[in-house]
Amino acid sequence: MGAAHAQPLAGTRAVRLHSQDGSTLLLGTVQFTPQADGRSAFALQLDHAVFKDFFLSMKEFKCV
């Protein structure tokens with residue numbers, strides 16, 4: 001039996017955080033672009049305004 005092939009990813013999709021209390025937070029978007037070899041490239045664009053800076057062991061981390 002031959003291998004199954006899915007269509008390449010294309011277009012822009014939202015990246016959302018769904019919390020336990022049912023709320024949703026938009027973190028950014030991801031843009032998928034089909035490539036000639038059948039794969040898809042992607043570019044992630046985060047909304048840095050929704051993140052806060054935290055320092056753990058003297059190292060900065062971005063957290064929601």
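The model is predicted, so local features need pLDDT of at least 70, side-chain atom pairs count only at pLDDT 80 or more, and totals for chains, interfaces and linings use all residues. Residues are numbered from 1 along each chain as its sequence is written, and side-chain values use heavy atoms, with hydrogens and water left out.

**The sheet**

Now show the strands. Strands are DSSP runs of E with at least two residues, numbered from the N terminus. Three of them form an open sheet, in the order β1-β2-β3, with antiparallel pairing. Which strands stand at the edges? They are β1 (11–18) and β3 (40–46). Each has a single partner strand, so one side of each is left without a neighbour in the sheet. From one strand to the next, the twist averages 30 degrees. That angle uses axes, which are lines fitted to C-alpha atoms, and runs from 0 to 180 degrees between N-to-C directions.

**From β1 to β2**

Select β1 and β2. Eight bridges pair them in the antiparallel sense. Two strands count as paired if DSSP finds at least two bridges between them. Click Val15 next: its bridge partner in β2 is Gly28. Then follow the chain through the turn. β1 and β2 form a hairpin with five residues between them. Gly22 in this turn has a positive phi of about 95 degrees.

**From β2 to β3**

Move on to β2 and β3. They run antiparallel and are joined by seven bridges. Select Pro34 and find its bridge partner in β3, Ser40.

**A charged pair**

Show the side chains of Arg39 and Asp37. They meet in a salt bridge, at 2.9 Å from N to O. The rule asks for a side-chain nitrogen of Lys or Arg within 4 Å of a carboxyl oxygen of Asp or Glu. How many salt bridges does this rule give? The count comes to one. Side chains of opposite charge can pair when their charged atoms come close. Are Arg39 and Asp37 buried or exposed? Both are exposed. Exposed means over 50% relative accessible area, buried under 20%, and partly exposed in between (1.4 Å probe, protein chains only).

**Last stop**

Select Leu25. Its place is in strand β2 (residues 24–34). Leu25 is partly exposed, with a relative accessible area of 30%.

Terms used. Helix = DSSP H or I, 4+ residues; strand = E, 2+ residues; numbered from the N terminus.
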